Amino acid sequence: MANVVPMSDPALAEVRGGRDRFPVRRVYCVGRNYAAHAREMGFDPDRDPPFFFCKPADAVVSVPEGSVASIPYPPKTANYHHEVELVVAIGREGANIPVASAAEHVWGYAVGLDMTRRDLQFAMRDKGRPWELGKAFDASAPMGPLVAASEVPDIAKAGIWLDVDGQRRQESSIAHLIWSIPETIAYLSEYFRLMPGDLIFTGTPEGVGPVEPGAMLHAHVDGVPELRIQIV
Ligand code: MN
C-alpha cells in the first residue's frame, strides 16, 4: 500500500543533552492559569476558572540548547504576543488520573512560548468562536529542550520569566498556578485520555505583550534549559 501524499514529518521535541528526543502527539494549553494574568485579560479568576485549548503538534518548534531559533512574524496579525509558560511532557497513558498520582504520568519539563495573535484571539473570543486563528498557527509553540522530571525536583516552586531585548517583561513562580501541575493533569485527563507524547503548556503569568520583527526573546524556568528565539 502506498501513501497518496507524502507523509509529514513527526513533531519531535529535543531532550537536554541533544541525543534523545520526545515525539510529540498533542499539545494542550491551559488558559488563564495565573490570577494576575486572568485579571490583565479582563477576567475575575475567582469566577472564571482556567480552561483548555489545543495547538497542533507541528506548531512546536524545538530549539536546541544554546541556539537562537528564527521564528517568523505570523500573517494576518498586528498584535503578536508572547506568553512564557512551563511545559509538562506526559510519559505515561492515563484517563481519570487522581491528583495524588498525577506526577507518575509526567516525563519531564521545558520552558515554552504560547505565541498568540492577540487581535485574532480577541475577535474570535468576543464572537464566541474557536481560538485556532489566534492560537494554533504555524510555529506558535517554540520550546526549549525537555528535562526528565527527576532532574527538576523543585519545579512546583520554580521561577519563570521572559526577557524581550534584555528587558524583563514577565516574571512569576510556578507556585502561583491556579491549577497546579497535578491538578491540571487530573482535570485534563477527565476529558481526554492522556498519552505518552502529549505536551501541556500550563498557562502564562502576567505581563504578556506584543513583539515586533527583530525582537530577541529569552524565556526561563528554573531547572530547565533556556529558550531563545528571534522574531524575523
Ligand atoms: Mn497561554
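Is Arg-39 buried or exposed? Arg-39 counts as exposed, because its relative accessibility is 52% and the cut-off for exposed is over 50%. The model described here is predicted. Arg-39 belongs to helix α1, which covers residues 35-40. Glu-206 is 167 residues away along the chain, yet the C-alpha atoms of Arg-39 and Glu-206 are separated by 8.5 Å.

**The nonpolar cores**

The largest nonpolar core contains 44 residues. Those with the most contacts inside it are Tyr-109, Leu-113, Ile-181, Ile-185, Leu-217, Ile-229 and Ile-231. Several elements give two or more residues to this core, including β3 (27-31), β8 (84-90), β9 (106-113), α4 (181-191), β17 (216-221) and β18 (227-231).

What does Leu-217 contact, leaving aside its neighbours within four places in sequence? Its partners include His-82, Leu-113 and Met-115. Leu-162, Asp-163 and Val-164 are also in contact with Leu-217.

**Helix α4**

Which residues of α4 are buried? They are Ile-181, Thr-184, Ile-185, Ala-186, Leu-188 and Ser-189. The cover over the buried residues of α4 includes β3, β4 (51-55), β8, β9 and β15 (199-201).

Tyr-187 is partly exposed, because its relative accessible area is 31%, between the limits of 20% and 50%. Tyr-191 is exposed, with a relative accessible area of 56%. Both lie in α4, 4 residues apart, or about one turn of the helix.

**Aromatic rings and charges**

The structure holds 10 aromatic pairs. In one of them, Tyr-187 and Tyr-191 form a tilted pair. Their ring centres are 5.4 Å apart, with 35° between the planes. These two tyrosines also belong to one aromatic cluster with Phe-52 and Trp-179.

Two cases are listed here.

| Arginine | Ring | Distance to ring centre |
|---|---|---|
| Arg-125 | Phe-122 | 4.2 Å |
| Arg-168 | Trp-161 | 4.0 Å |

For Arg-125, the charged end sits over the ring. Arg-168 lies over the face of Trp-161.

**The manganese ion**

Which residues coordinate the manganese ion? Glu-83 (OE), Glu-85 (OE) and Asp-114 (OD) do, at 2.0 to 2.1 Å. Along the chain, the donors follow the spacing E-x1-E-x28-D. Glu-83 and Asp-114 link distant parts of the chain, 31 residues apart. Glu-83 is in the loop between β7 and β8, and Asp-114 is in the loop between β9 and β10. Both Glu-83 and Asp-114 are buried.

**A sheet of 3 strands**

Strands β7 and β10 also take part in an open sheet. Its 3 strands have the order β10-β7-β16, with antiparallel pairing. The edge strands are β10 (116-117) and β16 (209-210), and each of them pairs on one side only. Strand β7 (residues 80-82) is joined to β10 by 2 bridges, and the two run antiparallel. Within this pairing, Tyr-80 stands opposite Arg-117 in β10. Strands of a sheet pair through backbone hydrogen bonds.

Conventions
Residues numbered from 1 in each chain as written. Predicted model: local features only at pLDDT ≥ 70, side-chain atom pairs only at ≥ 80, totals over all residues. Heavy atoms only, no water. Core = buried A, V, L, I, M, F, W, Y, C linked by side-chain atoms within 4.5 Å. Buried < 20%, exposed > 50% of the residue type's maximum accessible area, 1.4 Å probe, protein only. Contact = heavy atoms within 4.5 Å. Pairing = 2+ DSSP bridges. Phe/Tyr/Trp six-rings, centres within 6.5 Å; stacked < 30°, edge-to-face > 60°. Lys NZ or Arg CZ within 6 Å of the ring centre and 35° of its normal. Donors = N, O, S within 2.8 Å, 3.2 Å for Na, K, Ca; no water.
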